[in-house]
Each structure stands twice: as structure tokens, then as C-alpha cells.
Amino acid sequence: MKNWQKLTLVGVALVAVVGGTRAAGLWGNSGNSNDKTLRFSLPTPLNGLDSATITDEYSITVVGNAGEGLMRADKNGKPQPALAKSVKSSCSEVNKLDYFYSVN
């Protein structure tokens, strides 16, 4: 392979890598550093945001990362109320342990 062909091949590869990383948003963002917007790049449109009806992998990923549940883990890994105002538990013969959540 001649030198000019090697240089052309390296140049094309460099442009593809730099352009691809910029398009993916890995560098060059001129947005506000305090921006709290969650952005996802998905190969298909979302089928919905209702956790009871979604079935595709991408919608489940977005809902799982953007939605908040009844409980969350604190910095020590202990469960703390998130959307729940309070949690009570009781033992029963049928289910051994039942949890009751009061929601805000």
C-alpha cells in the first residue's frame, strides 16, 4: 500500500471516530453545567412511560432510570421512603410478611 493511501485511510478513520464521539455527545457540549436534564439516546422510539404496560427493553430502561419508586436506598444501602410517606409491616398466616405503604 502506498503512503498516500495509508494517510488517506488514517484520515478517514480519524474523521469517523471524532465525528462519532461528537455525535454521541461525549465532548463539545456547550450547555449549562448545572443542567439537570436526563438525556437518553435510543435506537427506537419509546413505546410508553407507563410501567404497567411497557414491554420493550428500551422503555423499561428509561422508566427504570427516570422514575422514582416507593423506596430508595440511602448512602449506606438502607431503604428509605421516596414516594412513600411511611411504611408499616405486619405478619400474616398467608403471606408471612405484608408491607403497607402510605403515599404522599
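**Exercises on a predicted protein chain**

From the N terminus on, the elements of the protein chain follow the order α-α-β-β-β-β. Helices (H or I, at least four residues) and strands (E, at least two) are DSSP runs, numbered from the N terminus. This is a predicted model, in which local features need pLDDT of at least 70, side-chain atom pairs count only at pLDDT 80 or more, and totals for chains, interfaces and linings use all residues. Residues are numbered from 1 along each chain as its sequence is written, and side-chain values use heavy atoms, with hydrogens and water left out.

**Exercise 1.** State which element has the lowest mean pLDDT and which the highest.

*Solution.* The pLDDT is the predictor's confidence in each residue, from 0 to 100. Helix 1 (residues 3-23) has the lowest mean, 78. Strand 2 (residues 79-81) has the highest, 88. The average over the protein chain is 79, and 82% of the residues score at least 70.

**Exercise 2.** Determine what percentage of the 104 residues is buried, and classify Leu70 as buried, partly exposed or exposed.

*Solution.* Buried means under 20% relative accessible area, exposed over 50%, and partly exposed in between (1.4 Å probe, protein chains only). Buried residues make up 7% of the 104 residues. Leu70 lies in the loop between helix 2 (57-66) and strand 1 (71-73). Leu70 is partly exposed, because its relative accessible area is 34%.

**Exercise 3.** Find the share of contacts with a separation of 6 or more that joins residues 24 or more positions apart.

*Solution.* A contact means heavy atoms within 4.5 Å. Among contacts with a separation of 6 or more, residues 24 or more positions apart account for 8%.
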